[in-house]
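Q: Hi! I have a protein model open and I'd like to walk through it with you. Can we start with the overall picture and then pick out some residues?

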Amino acid sequence: TGLYDEHPVEMAEEIGMRVAVLPIIGFRNVLGESDYLMYEALIRYMTSQGYFVYFCLPEEAIGKVPSAPPRVKYIFDEKVGLWYDREADVSATFLKLFNPRIARYPVDAVLTSRATAVPVISRQLWDYRCEEPQVPVVIYEPKVASFTGTHQVVRDIELVGRTLGYALGYPVFSTQEELDLALEAARRFLSGLMVRQIQEKARIIPFGVDCDSLDAVRGEPFEKFTVFFGGRLNQGSKRAERVVQTYDQFFRFGREIDVLLCTPKEDPYIHKVIGKR
């Protein structure tokens with residue numbers, strides 16, 4: 001950790017491939033952010049394979065996250081904002097931190113969920129002395145947007161940014177359905193050649209479930225059959241009402257069950273949903 005503070009070039013071969021990771025952090029409870037948890041698990045694997053990771057987090061996370069493990073350096077350089085703001089933004093110091101010509105921390109690749117910000121990220125990583133950008137930007141897309149098939153309201157300004165990000169970066173999707181939705185939006189705004197570039201570069205890699213971690217905290221089996229939901233139970237985006245309806249129907253079948261709902265943040269909407277039953 002911190003090797004590049006003193007030895008920016010000499011240690012490169014010993015450190016291995018260097019990756020900057022930019023999650024989307026939307027509220028102050030960083031440990032409750034799905035994007036943080038996803039990348040924290042992925043970083044554990046990356047470092048086991050010899051990668052060195054610069055994990056970019058907001059200043060509000062100082063003192064709230066575990067100490068950086070070996071081969072990981074935390075960079076606290078931006079404020080928490082709304083999720084929808086963060087997905088289109090990078091910190092004001094990003095260029096000075098990672099641009100190959102002037103970087104304090106040279107990197108070989110960037111891994112991010114901020115698809116809308118990829119055109120800006122790619123441009124800030126470009127060394128003008130080279131014909132093409134030399135630092136690839138890999139997008140792990142947590143939430144595809146399109147005019148159909150998604151729950152949130154979307155506009156052209158959002159989809160143009162995302163689809164251009166897919167074309168300039170290297171997008172990774174969790175399912176074939178999400179890739180199909182991304183291509184549906186891309187065909188509205190991009191040329192056939194750029195849509196084909198997305199198809200050729202895109203990969204489908206489900207993140208999966210860390211069963212070992214779940215087993216470690218599960219404890220003794222419940223006496224009753226228990227149905228569980230873990231996530232943010234807010235209005236709209238997580239479909240909390242639909243989850244509770246499904247569990248309620250299961251209960252009405254006559255099965256003796258308990259319902260366990262866990263959320264990292266209390267929201268008045270939760271009481272509205274549960275209070276109906």
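Q: What share of the 277 residues counts as buried?
A: 42% of the 277 residues are buried, where buried means under 20% relative accessible area, exposed means over 50%, and partly exposed is in between (1.4 Å probe, protein chains only). Keep in mind that this is a predicted model, in which local features need pLDDT of at least 70, side-chain atom pairs count only at pLDDT 80 or more, and totals for chains, interfaces and linings use all residues. Residues are numbered from 1 along each chain as its sequence is written, and side-chain values use heavy atoms, with hydrogens and water left out.

Q: Got it. How many helices and strands does the protein have?
A: The protein has 11 helices and nine strands. These are DSSP runs numbered from the N terminus, with helices being H or I of at least four residues and strands being E of at least two.

Q: And which contacts join residues at least 24 apart?
A: Among contacts between residues at least 6 apart in sequence, 67% join residues at least 24 apart. Contact here means heavy atoms within 4.5 Å.

Q: Let's look at helices. How do α6 and α7 pack?
A: Helix α6 (residues 156-168) and helix α7 (residues 176-189) pack at an angle of about 105 degrees, and their axes are 9 Å apart. The axes are lines fitted to C-alpha atoms, for helices over the stretch in contact, and angles run from 0 to 180 degrees between N-to-C directions.

Q: What do you call that arrangement of α6 and α7?
A: α6 and α7 are roughly perpendicular to each other. The cut-offs are under 35 degrees for roughly parallel, over 145 for roughly antiparallel, 65 to 115 for roughly perpendicular, and oblique for the rest.

Q: Which residues meet there, in α6 and α7?
A: From α6 there are Asp-156, Leu-159, Val-160, Thr-163 and Tyr-166, and they meet Ala-182, Ala-185, Ala-186 and Phe-189 of α7. By class, that contact has seven nonpolar residues, one polar and one charged. Nonpolar covers Ala, Val, Leu, Ile, Met, Phe, Trp, Tyr, Cys and Pro, charged covers Asp, Glu, Lys and Arg, and the others, Gly among them, are polar.

Q: Switching to rings: how many aromatic pairs are there?
A: The structure holds 10 aromatic pairs. Rings of Phe, Tyr and Trp (its six-membered ring) pair if their centres lie within 6.5 Å, and planes under 30 degrees apart are stacked, over 60 edge-to-face, and the rest tilted.

Q: Why is the pair of Tyr-36 and Phe-55 stacked?
A: Their planes are at 5 degrees, with ring centres 5.7 Å apart, so the pair counts as stacked. Tyr-36 sits in helix α2 (residues 34-48) and Phe-55 in strand β2 (residues 52-58), 19 residues apart, so the pair links distant parts of the chain. Tyr-36 is buried at 3% relative accessibility, and Phe-55 is buried at 3% as well.

Q: What about the rings of Tyr-166 and Phe-173?
A: That pair is edge-to-face, because the planes are at 75 degrees, with the centres 5.4 Å apart. Tyr-166 and Phe-173 are both buried.

Q: Which residues form an aromatic cluster?
A: Phe-52, Tyr-54, Phe-94, Phe-98 and Tyr-105 form one.

Q: Where does Lys-201 lie?
A: Lys-201 lies over the face of Tyr-170, 4.8 Å from the ring centre. For that, NZ of Lys or CZ of Arg must be within 6 Å of the ring centre and within 35 degrees of the ring normal.

Q: New topic: Glu-33. Where is it found?
A: Glu-33 is in the loop between β1 (18-22) and α2. Glu-33 has a relative accessible area of 1%, so it counts as buried. Leaving out residues up to four places away in sequence, Glu-33 touches Ile-24, Ile-25, Gly-26, Phe-27 and Arg-232.

Q: And Asp-127, which loop does it lie in?
A: Asp-127 is in the loop between α5 (118-124) and β5 (137-140), and is buried at 8% relative accessibility. The C-alpha atoms of Asp-127 and Asn-99 are separated by 7.1 Å, though these residues are 28 apart along the chain.

Q: Last one: what is phi of Arg-71?
A: Phi of Arg-71 is near 70 degrees, a positive value in a residue other than glycine. Arg-71 lies in the loop between β2 and β3 (72-78) and is partly exposed, with a relative accessible area of 26%.
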